[in-house]
Amino acid sequence: MKRNQDRGQHLFIFIVCIIFMQSVFFTKPIASQSDLENGFICPPLDAKPRAYWVWVNGNVSYTQLTRDLEEIKDKGLGGFDIFDIGARDPQKIVPEGVAFFGPESLDAIGYAARECERLGLELGVITSSSWNAGGPWIPPELGTMGLFLSQTTVEGPGRFSEPLPVPTFPEKAPKNESGLPVFNKTIAVLAIPDNENRLIENKDSILNLTDQLASDEKLEWNAPAGTWRILRFVCACTGERLVLPSPKSNGLIIDHFNADATEFHFQYLIDKLQQKLGDLENSALKIMYLPSYEVTSYDQLTGLIWTPKLQGEFKKRRGYDLDAYLPALFGWTLVNEDYTDRFRFDFNMTLSDLIIENHYQKAREICNRHGLVLCSEAGGPGQPLHNCPFEALRALGSLDIPRGEFWYKHQRFDEEGNDILWLVKEIACASHIYGKTLVDGEAFTSWHHWQIGPFDLKPLADRAMAEGLNRFTFHTSPHSPPEAGKPGWVYHAGTHIGSNRVWWPKAKPFIDYLARSCFLLQQGRFVADVLYYYGDEAPNFVKPKRIDPSLGYGYDYDVVNSEVILTRMDVKNGKIVLPDGMSYELLVLPERADMNPRVLQKLEALVKAGATVVGQRPTRAHGLTDFPKRDEQVNRSAERLWGDCDGLRVKERQIGAGRIIWGKQLKDVLLEKNIGPDFQTTDSESALKWDWIHRRTEQEDIYFVYNTTQEGISGECTFRVKDKIPELWYTDSGEMRKCAVYKITEQGIQLPLSLPPSESVFVVFKEGMTESHVVSITKEGDQTTIGANRNPTIEVCKVDCDALELLIQEPGVYTIETSQDKKMIIDVKDIPEPFAIDGAWEVRFPFGWGAPPIAHFPTLISWTASDEEGIQYFSGIATYYKDFEIPDAWIGSDYPLVLDLGKVKEVADVFLNGHHVGIVWKPPFQLDITEYARPGSNRLVVEVANLWSNRLVGDAKLPNEKRFTSTNMTHSLTWQQPWSETPLLEAGLIGPVRVLPQKIWKLSN
């Protein structure tokens, strides 16, 4: 077998470590650590992950509260959001707890807040038991409202004097003694000419009979000739209740479009909290959390979203009366399709304005008044899953902390193929354009229970961070009292991060990885060249990160809305700028014919001031407000900008200091401005295997680069940076290393990177100039430049004044070239072969979980391959023991040693000769053991943690009284796959385990 195959994979052929002459190759080393370096090593609270702290069925144990908080403090989380919720528990395993925001619940919240203060953690609390906002304290007049319709056919001419029927209301609506909703109000009675095609050709033919409806429900009307349909529109409380509250906490959902309802609800919660905690500003309670809007979407037959003040708000905002247009909400066409669509645009925009202003903005105002911040998933997901009626960027911009969400192995696609459950780019855009630092995300939501290790989560985390996320909130962390057993009581969805997880004792390096990454991604500002305007409509959402064919690979972007264009956008030095420091080269218009006249006027001013705007000429406005006058305004503004817009001859116009462009590829426009890709690789075919994001501080450029595939990748990567020194920062270990090999090119700084499967690295460019540096190291017969990552990488280990040192793992002839055109060739021959630690292993299992206390494995195998049933189904942490020999010549010489564990499922904690070496949770499962190795006999101890899944599968075959586990979750995949039908998952130390000797090669400079 070839040596590189024996090594495990091509990307891990060798490690080269170069130590350069300080005066020639590098600027002076940093005398003291910067704030960036300090924050990277020990991330601050804002960067640390959070979690939804699920109090299932309202159950609370004070002892467990303290343990939960101490455990997350120890592992590096920054806090919890209390998430009271019910259990989807058909077997009734989870008992009923206390009522959310009742006396016992408030006592527990107060206790948790004081414990958080003691531990230096932050606490948030959900604004209802489950979702949406509401509770048993909400009266019907402030509950969710719907608009309902009854119809009566009348033949005229003649006198009509009869009671009008009431619509059919939802069964759950709170009723009075007469069977009608406690809150109901007739908002309009209309008579329309009846026809089969539901077309009202003349709006003036609609007769408003509202004032003729008497208090006894009787309509007195002299009907003109013809067949008429009388439409009675009634607003009523729908009775919609919380989705999955704990048993004693159910109540009405509030009317999200009603400021009075928001004020009542939030003030109720805050008053209760103040009674328990005093001044909230001085407590550890910092966040009020609103989940995503998931109120039922009524249809045209049963009712539509409404709010009692909607008619007045519509008139104030749109300038015309709503009543005559109500039939269009229930399927009638007014005048024609275009006219009807214009009305629906106005109606939808009004709903969007109301929920944003009366719910999100109002709730934030109330929270801020009391020293709290508002965090919410105000960006969807929308249709086809939820009827979110808002313009998402404005809704998210209304918050203190915008939060998105993403799932593990669960997707929901819209008609264009976009996964609407991947809500990250939208939240990042909102944060960027509204001047916020945090891009929070409800992270790793899953229906796969106890089948996920930390490495399973890493690709999702990396993708989310490459889209802009910079703080993780785990969905979820169960608060499971001791009497629940293990793995305990949980909500039916979630990653279940917390102390009952098998690998939780080994979780800190994974948590640190997330925290360090997020710290770096919170620094400075996002770098993007393009700003896409997504139009003026509601609902409106931003799609997941994608590559625009017109723009091509290597450029990043944000998406902007009308509000930011109108109130926050300016031009400086030819760039589009926002007051918080964001800047863009291009503003790109949506491919649609309509545009807000005010936005178009602002675009005209921006172009005159020097902006470059790309997009087609609009031809009309939207809506019926000032129709058709606003259409004329659009055409006048468009004429000034686009002129005759003959795209065959002319594709741009100079207007003042700026340009309006159409019919050109965005990449060409940028290249004309001498703006090349921000990130690119030499291998165009593999470019999509690399994803990235760029942030910039006053001193540094920070790039996060990750491998999107399950295969290793290598390439020459060029970063659009000048006059700075590249360093490689590793968020799994906290190491910061100067990059040993790079080139200065016209496009920027080019360095070779090699990333193992699903691996990532931060490339941090710092201010400083180099007189000389290494530009390449190649191996004879291999044209691929050695990578600048750790494995295999070229890395600066220390600074030596006189010599160049290489740490090499594979023999061969190596050529080193410097920026001063110096070339050095070395022939490495005497590297020892990797040493396999084979033979029998002693494995010890903890008592009480079905496995024997001691087992001897003749060779390393998955526990599931054992003949011993207790080992097959074992879930927990087992300890491997092995004595092995290291040759005397390898110790204290030029042979650094790496321990390679091979395959591990899921996490390994390694000890050598009584010394703790480290925890490994992702491939390659390797650790440097040079410091702890000794000649002759060595004692290796490896603690390996797997997942709960296998023990739960085994217990499903046992009677209840003989089971080792206890949980309310009867399925491994929610609602779909019971534990008894779930396959076993590989577990344990599978290997092969080897010692990999390396060679230090010293050269005089």
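**View 1. Helix 11 and helix 12 run roughly parallel to each other.** The two axes come within 11 Å and cross at roughly 5 degrees, and the pair is therefore described as roughly parallel (angles under 35 degrees count as roughly parallel, over 145 as roughly antiparallel, 65 to 115 as roughly perpendicular and the rest as oblique). Axes here are lines fitted to C-alpha atoms, for helices over the stretch in contact, with angles running from 0 to 180 degrees between N-to-C directions. Helix 12 covers residues 508-521; helices (H or I, at least four residues) and strands (E, at least two) are DSSP runs, numbered from the N terminus. From helix 11, look for Pro454, Leu457, Lys458, Ala461, Asp462 and Met465, which meet Phe510, Tyr513, Leu514, Ser517 and Leu521 of helix 12 (contact means heavy atoms within 4.5 Å). By type, the residues of this contact are eight nonpolar, one polar and two charged. Here Ala, Val, Leu, Ile, Met, Phe, Trp, Tyr, Cys and Pro count as nonpolar, Asp, Glu, Lys and Arg as charged, and the others, Gly among them, as polar.

Please keep in mind that this is a predicted model, in which local features need pLDDT of at least 70 and side-chain atom pairs count only at pLDDT 80 or more, while totals for chains, interfaces and linings use all residues. Residues are numbered from 1 along each chain as its sequence is written, and side-chain values use heavy atoms, with hydrogens and water left out.

**View 2. Helix 11 on its own is mostly covered.** This helix spans residues 454-466 and reaches 18 Å from its first C-alpha to its last, close to the 18 Å expected at 1.5 Å a residue (the expected span is 1.5 Å times one less than the number of residues). Ten of its 13 residues are buried, meaning under 20% relative accessible area, with exposed over 50% and partly exposed in between (1.4 Å probe, protein chains only). Among the buried ones are Phe455, Leu460, Ala464 and Ala466, and the charged Lys458 and Asp462 are also on that list. After the helix comes Gly468, with a positive phi near 120 degrees.

View 3. Helix 7 (residues 310-318) and helix 8 (residues 337-369) have axes 10 Å apart, at an angle of about 110 degrees. Helix 7 contributes Leu310, Glu313, Phe314, Arg317 and Arg318 to the contact, while the helix 8 side includes Phe343, Phe347, Leu351 and Leu354. The residues of this contact divide into seven nonpolar, one polar and six charged.

**View 4. The largest nonpolar core holds 221 residues.** A nonpolar core is a set of buried Ala, Val, Leu, Ile, Met, Phe, Trp, Tyr and Cys residues joined through side-chain atoms within 4.5 Å. Phe233, Trp306, Leu326, Phe343, Phe406 and Phe472 touch the most other members, and helix 8 supplies the largest share, eleven residues. Leaving aside neighbours within four places in sequence, Leu326 is in contact with Leu147, Ile187, Ala188, Leu190, Phe233 and Trp306. Another core, of 37 residues, lies apart from this one, with Leu860, Tyr895, Leu989 and Val995 among its members.

**View 5. Ser130 and Asn674 have positive phi without being glycines.** Phi of Ser130 is near 70 degrees, in the loop between strand 4 (122-126) and strand 5 (134-135). Ser130 counts as buried, at 0% relative accessibility. Asn674 has phi of about 60 degrees and belongs to the loop between helix 16 (666-672) and strand 30 (679-681). Asn674 is exposed, with a relative accessible area of 71%.

**View 6. Val775 lies in strand 39.** The strand covers residues 774-779, and Val775 counts as buried at 16% relative accessibility. Not counting residues up to four places away in sequence, Val775 touches Val741, Tyr742, Lys743, Glu817, Thr818 and Ser819. Its C-alpha atom is separated by 8.2 Å from that of Leu751, 24 residues apart along the chain.
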